[in-house]
Amino acid sequence: MARLPRWYKPLRWSTVMSMPACRVLLVDDHAVFRETLAVGINQLGSERREQTLQVVAEAGSSGECLQQLATLAVEVVVLDLSLPGRGGADLVAQIKSRYPDVYILILSAHAADQFVVRLVQQGASGYLHKSCSLTQVVDAITQVCKGVEVFPRELQVLLKQQGAGDGQPHESLSNREYQVMELLVAGLRVSQIAEEMHLSVKTISTYRKRILEKLGVQSHSELVSYAIHNGLVDV
């Protein structure tokens, strides 16, 4: 059985009996951020009259997240997208496939764009940028745990536009390919992308080749033009 983190403190029985608890799993590759956020959620979340929030575990990678879900009862996974290994993007589909009743709240420095839209379509119930406040995080977890979707206005607009789409080539990209495409368009070199995504240069080069083939473009400049024309990047 997985060990609980050292900061974990069970709620008093009287508190548990007086209000429903929403059990939370934090997934982020920065331990200090996870532990600080966990303390804040537990403290502020315990003050909620309608529903107590309780961080019951944490994970620093996709593998650790799946291990925790296999051993603990969790209602909400608060997920960063930048994780070593397979990454948070691939993890969304895995979680919803294995644990369809678990809600996923994305908490990431990644902008609310078409890439996040793809994750919402795969089952994510909410999104917050890491620049948000602790109160906003607690509010979002509370809503998501009730089955309410939490998306900023700009993401709602993108979701509506995507729903009216007619099957563009970029929709055939996998989550990893889409993420690499975004970074290429942003001007990062293959080596920089490899470091950013915790993957090898060879793997990123393979992704780049697939992206160009699927989108029907021959060069980086054509890739950028495609992204701008289809509204995949801000200009």
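Reply: R176, E177, V180, M181 and L184 in helix 8 meet I204, Y207, R208, R210, I211, K214 and L215 in helix 10. Contact means heavy atoms within 4.5 Å. Helices (H or I, at least four residues) and strands (E, at least two) are DSSP runs, numbered from the N terminus. This is a predicted model: local features need pLDDT of at least 70, side-chain atom pairs count only at pLDDT 80 or more, and totals for chains, interfaces and linings use all residues. Residues are numbered from 1 along each chain as its sequence is written, and side-chain values use heavy atoms, with hydrogens and water left out.

Me: At what angle do the axes of helix 8 and helix 10 cross?

Reply: At roughly 90°, coming within 9 Å. Axes are lines fitted to C-alpha atoms, for helices over the stretch in contact, and angles run from 0 to 180 degrees between N-to-C directions.

Me: What about the nonpolar core?

Reply: In soluble globular proteins, nonpolar side chains tend to be buried together. A nonpolar core is a set of buried Ala, Val, Leu, Ile, Met, Phe, Trp, Tyr and Cys residues joined through side-chain atoms within 4.5 Å. Buried means under 20% relative accessible area, exposed over 50%, partly exposed in between (1.4 Å probe, protein chains only). The largest core here has 52 residues, and M181 and L223 are among those with the most contacts inside it. Helix 8 (residues 175-185) gives this core its largest share, six residues. A second, separate core has 21 residues, including A38 and V137.

Me: Which residues does L223 touch, leaving aside neighbours within four places in sequence?

Reply: L223 is in contact with M181, L184, V185, I211, L212, L215 and V217.

Me: How do I read the sheet?

Reply: Strands of a sheet pair through backbone hydrogen bonds, either parallel or antiparallel. Two strands pair if DSSP finds at least two bridges between them. This open sheet has five strands in the order 2-1-3-4-5, with parallel pairing. Strand 2 (52-59) and strand 5 (126-129) are the edges, each pairing on one side only.

Me: Where does H198 lie?

Reply: H198 is in the loop between helix 9 (190-197) and helix 10 (201-215). Its phi is near 60°, a positive value in a residue other than glycine.
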